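Opening the notebook on a new model today.

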Amino acid sequence: MRTYKIGRSRNCDVVLAEESISREHATITPKGNSQYEISDAGSSHGTFIENGGVWVRVEDTALIGRDEPLMLGRYETKVGELLAEFDREDEDNETDEVTDQDLELWSEGGRRRLAAIVAMDVVGFSAKMGQDETRTLAVMSEVRSSIIDPGLRNFNGRLFKEIGDGLMLEFGSVNDAVMFSVDTQRRMVAYNAHAPEHRRLEFRIGINIGDVIIQGDDLMGDGVNIAARLEPMADSGGICLSGIVRDLIKTKLDLGFKDLGNKQLKNIANPIRVFSLGGGVKKAKKKRKGFLPI
């Protein structure tokens, strides 16, 4: 029976980049009947399960249901969400069948993890390039170095793919992904207010959290594709996010949302609930150094 390692280290089966997660934080072992044994691996900030509405620290091992709340450091999740990307033992504790797709992924060195993905794109970039290619590239470079790259450092993100004017970014925390996006759009408003018209840029941003396939430094899969499909649905200077992102942050960040309903996205099997982010962050639960004030 397989035991899954959870932590910040890339040697773990499930990699979480949240700052309160230890390098090797905990282990989870399926026990059958949708029950799992969780063990703390000597983490700095602890592993907790909920008991009667109270978080109780796991000192050694504990049993937890697939859909019961779990806290790793300050990262709240569920076992089912952490292990969603893996083939599991069935409820009778039988051995999983290895599929041809599994063999293909493993042979290519592919692994999976849960990640928050931000897709961003410059509005009207092709037209700007047609008008003045040199100037447009210079402005984009300036925005990258003065706004986007510092924001990635501040909110623990990384650039994993660049396609023309499009950027694909990964964050270990959905909170960081959303706060980076809001902060970037606000800083772009301030940037454009002091720039001549021909040097102004506006971004559209899409945000999703989901299962991704790791291919070297690149990420692939529906978790990435959904973010990319959400981005063109945003207004200029706006942000669109999937329903799962909205559900995860609605009680943690004071934000305004507009429900755009269920949308059928290209090459995505099931409709996705889509929200636009409006009104910005009225009150951030956690302040960040360098965050642009309202």
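Before I start on ion pairs, the cut-off: I call it a salt bridge when a side-chain nitrogen of Lys or Arg sits within 4 Å of a carboxyl oxygen of Asp or Glu. Also for the record, I'm working on a predicted model.

**Entry 1: salt bridges**

I began with Asp-218 and Lys-161. Their closest N and O atoms come out 3.6 Å apart, so the pair passes the 4 Å cut-off and goes down as a salt bridge. I then looked up where the partners sit: Asp-218 is in strand β14 (residues 218-220) and Lys-161 is in strand β11, so this pair links distant parts of the chain, 57 residues apart. Asp-218 has a relative accessible area of 22%, which makes it partly exposed. Lys-161 also goes down as partly exposed, at 26%.

How many salt bridges does a search of the whole structure find? I got twelve.

Next up was Arg-112 with Asp-211, whose side chains meet in a salt bridge at 2.9 Å, N to O. Arg-112 belongs to strand β10 (residues 111-122) and Asp-211 to strand β13 (residues 203-215), so the pair ties together parts that are 99 residues apart in sequence. I have Arg-112 as partly exposed at 22% relative accessibility, and Asp-211 as partly exposed at 27%.

Then Glu-170 and Arg-158, a salt bridge with the closest N and O atoms 2.6 Å apart. Glu-170 is in strand β12 (residues 166-171) and Arg-158 in strand β11 (residues 157-163); the two are twelve residues apart, and the pair is noted as linking distant parts of the chain. Is Glu-170 buried or exposed? Its relative accessibility is 9%, and buried means under 20%, so I filed Glu-170 as buried. Arg-158, on the other hand, is partly exposed, with 22%.

**Entry 2: Asp-13**

I looked at Asp-13 for its polar contacts. Asp-13 is in the loop between β1 (4-7) and β2 (14-15). Its relative accessible area is 16%, so Asp-13 is buried by the under-20% rule. What does its side chain reach? I found the backbone nitrogen of Lys-5 at 2.8 Å. There is also a polar contact of 2.6 Å between the side chains of Asp-13 and Arg-2.

**Entry 3: a negative patch**

I checked the surface for clustered charge. Glu-50, Asp-67, Glu-68, Glu-76 and Glu-81 gather there in a patch of negative charge. I followed up on one of them: Glu-81 is in helix α1 (residues 79-82), and at 36% relative accessibility it counts as partly exposed.

**Entry 4: positive phi**

I went looking for positive phi in residues other than glycine and noted two asparagines. Asn-33 has phi near 55° and is in the loop between β3 (26-32) and β4 (35-40). With a relative accessible area of 59%, Asn-33 is over the 50% line and so counts as exposed.

Asn-267 has phi near 65° and lies in the loop between β16 (254-263) and β17 (272-283). Asn-267 counts as exposed too, at 63% relative accessibility.

**Entry 5: two C-alpha distances**

How far apart in space are Gly-46 and Val-58, C-alpha to C-alpha? I got 7.4 Å, for residues that are twelve apart in sequence. Gly-46 is in the loop between β4 and β5 (47-51). Its relative accessible area is 0%, so Gly-46 goes down as buried.

The other pair I looked up was Leu-137 and Phe-125: twelve residues apart in sequence, 9.8 Å apart in space, C-alpha to C-alpha. Leu-137 lies in helix α4 (residues 133-154) and is partly exposed at 44% relative accessibility.

Key: Residues numbered from 1 in each chain as written. Predicted model: local features only at pLDDT ≥ 70, side-chain atom pairs only at ≥ 80, totals over all residues. Heavy atoms only, no water. Patch = residues over 30% accessible without salt bridge, like charges linked within 9 Å, V, L, I, M, F, W, Y side chains within 5 Å. Areas by Shrake-Rupley, 256 points an atom, 1.4 Å probe, with all protein chains shown as cover. Lys, Arg positive; Asp, Glu negative; His and termini not counted. Charge placed at Lys NZ, Arg CZ, Asp CG, Glu CD. Helix = DSSP H or I, 4+ residues; strand = E, 2+ residues; numbered from the N terminus. Buried < 20%, exposed > 50% of the residue type's maximum accessible area, 1.4 Å probe, protein only. Polar contact = N/O pair within 3.5 Å; in protein donor to acceptor, adjacent residues only side chain to side chain.
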